[in-house]
Every structure is written in structure tokens, then in C-alpha cells.
Amino acid sequence: MSSVTKLTHFLTKLDPQKSIYRQVFLNYLKVYSEPQVILDPQLLNNFFSFIINYPYWQTQTRQLGESVQQDLDKFLKETNTSLVSSEIMFPHLHQLVSLDFNQDFEFLLRQKEEPSLDSGDRQKVTLISESQGLIATLRKGGGLEIRVFNRLARIHDGKLTLWGPVTDLKYTMDLELVADQIQIIECPMTTSACFKITEQGCQGVLVRSHLLQKFENLTLGHLHQHSELFYGLKRIERHYINPHSDPYYKDLVVQMERLEHLLSQNHPEGRRLAPSLIQKSKAALKNIFPNDKLLTILVTNVEFSLISAVQASQNQESWINHSKV
């Protein structure tokens with residue numbers, strides 16, 4: 001049996017720069033797979049299911065599938081390893097289908113996870129945008145699994161199924177990301193993050209473009225230190241986590257309420273903290289909690305209180321200056 005490490009070494013020797021198909025396959029293995037994982041059809045299927053979500057590869061299915069298949073055959077021959085090729089979803093052997101109707105998309109979303117459901121598990125399907133749907137699976141034994149899919153399916157042997165998720169997250173019973181497990185989330189601007197939560201914080205990689213090029217190493221004490229990743233995660237979480245139970249939301253509300261009190265007392269600390277905290281709250285309203293009533297009211301009240309506090313301070317300075325004259 002062969003591992004991901006052996007395959008990556010083999011592909012590197014073939015000079016991946018000479019083939020974009022080999023290059024993207026190698027990039028995927030380096031970022032989205034554990035080095036010690038045993039090579040099997042599921043690993044190949046995970047790659048094809050993920051990469052085919054990029055529009056570029058939807059126009060290159062034949063070239064991508066044939067190139068990877070050729071490299072794989074060379075590797076298997078050299079290492080005297082065998083795989084059941086019939087179990088591998090080479091994209092050039094599958095017809096791509098874009099799902100225009102919500103009822104079809106929702107049906108396939110429910111069908112996608114059914115084989116993995118145990119008695120007592122609960123599942124919820126939500127259309128989160130015009131192009132994506134979310135499956136939330138609450139396990140009977142505890143824990144929540146979140147997967148986000150595009151409206152892209154494949155036909156093979158007369159069966160219609162969705163391609164793989166662009167976001168794949170795993171939570172504990174306390175709705176914290178499971179430690180030491182690969183978490184994948186789609187980010188804006190054709191980027192994707194693959195990371196783990198460890199004792200040291202967040203460790204991972206941010207990749208960009210259809211080639212999955214490494215864009216940035218993630219070495220963070222906490223997710224909120226990287227705004228793109230943090231906002232991307234929170235935008236997804238608002239579909240299955242009540243904002244009022246979100247620690248970030250609760251902390252932001254407390255800070256804004258305290259700021260409003262400081263400004264009402266014309267405290268200089270309030271005027272000092274106001275600009276950055278107002279900006280932080282507006283960013284949260286735009287990127288994480290759109291149209292949240294409480295946060296909207298707090299931002300409005302704090303901005304009004306800031307104007308009043310500044311005017312009061314200016315009037316006081318004017319009176320002092322006038323008295324000195």
C-alpha cells in the first residue's frame with residue numbers, strides 16, 4: 001500500500017510545472033491531505049469532487065481526468081500498487097449538470113448525506129444563496145457537521161449526485177471547531193482555507209485560484225486575527241448558530257453597551273474607544289450579522305452619543321477659553 005507522501009514525491013519528480021493538471025493535483029495533496037494517509041479511491045474522489053467546483057476545471061474535465069489517470073497509472077506501476085479504477089470518479093467519465101431548480105437541488109442535498117446517517121442523527125438542509133446549499137448534520141452522539149455544496153451534479157450510470165463540498169467543518173457539542181481535524185472553508189476572491197485548530201491556535205494554509213496555489217500560511221493564535229478567514233467562517237455560522245449564543249457577538253454587544261454608557265457620561269475613554277469599536281461593529285453587521293436589530297440599534301445610538309459627547313466637549317472648551325478671556 002502507498003501513502004500520500006510517496007505519491008507527492010513521485011509527482012514532484014515528474015516536474016509538475018510542465019502540466020497544470022499535475023500541478024493542481026500535487027497542490028491539492030500537499031494542502032488537503034494528511035501525508036500518512038493511505039492512497040485509495042476515496043482520496044482521488046475527494047480531489048475531483050473538490051476541484052470540479054472551479055468553473056475553469058468544468059471546461060477541462062477530459063484533460064484533467066486523463067492527465068491524472070496517466071500519472072496515477074505510472075505511479076501504481078512503479079510502486080507495484082493496485083487500485084480499483086472503477087471506484088474512481090474521473091470527471092471526464094461523468095456528465096456535469098447545473099441544477100437550476102431549488103427542489104432538485106434540495107432533494108440531492110438530502111440524498112447526499114443519507115448513507116452516512118445513523119438512527120438518532122438529525123439533518124437540516126438550507127439554501128444559503130442563489131448558488132449554494134448547506135447541510136447541517138447533528139450526530140446523536142454529539143457534534144455537528146457542516147457541508148456547503150454548489151449547484152453542480154454529475155450523471156454516472158444513470159444516477160444524479162452532487163459533487164463534493166466547498167466547505168467542510170466539524171464542531172463539538174459545544175459548537176467549537178473540533179481540534180486536530182482538517183477544516184475546509186471557501187473564502188472570497190477564489191480563495192480557500194484548509195486549517196486545523198491546535199493547542200497553539202489556528203494552523204493551516206490559504207490557497208487561491210483554480211490551481212490551489214499557496215497564498216498564505218496561517219499561524220494564528222486565534223481565528224479572529226485573520227479577518228478574511230474569520231468573516232468567512234462567521235458568514236457560514238450564522239445559518240446554524242444563533243448569534244445571541246455566539247461568544248464574539250455577545251462580547252461585541254457588551255463592548256458597545258459599555259461604550260454607550262461611557263459616552264453618555266462624556267468620559268474621555270469613550271471618545272478614544274469609539275472610532276475603532278464603531279468600525280468593528282459595522283464590519284460585523286456587513287460581514288457576519290447582516291440586519292441584526294440589536295447591533296444596528298447599538299451602532300446608531302453609539303454614533304449619536306459620540307456626536308453629542310464631541311459637541312459637549314467642544315462647548316466646554318469654548319466656555320473655558322471664553323472665561324479665560
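Predicted model: local features only at pLDDT ≥ 70, side-chain atom pairs only at ≥ 80, totals over all residues.
In the segment before helix 1, which itself spans 4-13, we find serine 3. Is serine 3 buried or exposed? With a relative accessible area of 15%, serine 3 is buried, because the cut-off for that class is under 20%. Setting aside neighbours within four places in sequence, the contacts of serine 3 are Pro35, Gln36, Val37, Ile38 and Leu39. At the other end, just after helix 1, aspartate 15 adopts a positive phi of about 65°.

Helix 2 comprises residues 20-32. Helix 2 is mostly covered, with 11 of its 13 residues buried. Among them are the aromatic residues Tyr21, Phe25, Tyr28 and Tyr32, and the buried set also includes Arg22, Gln23 and Asn27.

The largest pocket has a volume of about 940 Å³. It is lined by 33 residues, of which Gln42, Asn46, Arg147, Pro165 and Asp168 are the closest to its centre. Two or more lining residues come from each of helix 2, helix 3, helix 6 (102-113), strand 4 (144-150), strand 6 (159-162) and strand 7 (167-171). Which element gives the largest share of this lining? That is helix 3, with six residues. By class, the lining of the largest pocket holds 14 nonpolar, nine polar and 10 charged residues.

The second largest pocket has a volume of about 470 Å³. Its lining consists of 22 residues, and those closest to the centre are Leu175, Glu176, His222, Leu223 and Lys234. The elements contributing two or more residues to this lining are strand 9 (191-198), strand 10 (201-208), helix 7 (227-237) and helix 8 (247-264). Here the largest share, four residues, is that of helix 7. The lining of the second largest pocket divides into 11 nonpolar, six polar and five charged residues.

I close with another serine. Where is serine 131 found? Serine 131 sits in the loop between strand 2 (122-127) and strand 3 (132-138). Its relative accessibility is 40%, and serine 131 therefore counts as partly exposed, a class that lies between 20% and 50%. Not counting residues up to four places away in sequence, serine 131 touches Phe149, Asn150 and Arg151. Finally, serine 131 and glutamine 203 are separated by 72 residues in sequence and by 29 Å in space, C-alpha to C-alpha.

Definitions and conventions:
Residues numbered from 1 in each chain as written. Heavy atoms only, no water. Buried < 20%, exposed > 50% of the residue type's maximum accessible area, 1.4 Å probe, protein only. Contact = heavy atoms within 4.5 Å. 1 Å grid on protein atoms, 1.4 Å probe; cavity = no way out; pocket = protein on both sides within 12 Å on 5 of 7 lines; lining within 4 Å. Points joined across faces, edges and corners; volume = space filled by probe spheres on them. Nonpolar A, V, L, I, M, F, W, Y, C, P; charged D, E, K, R; others polar.
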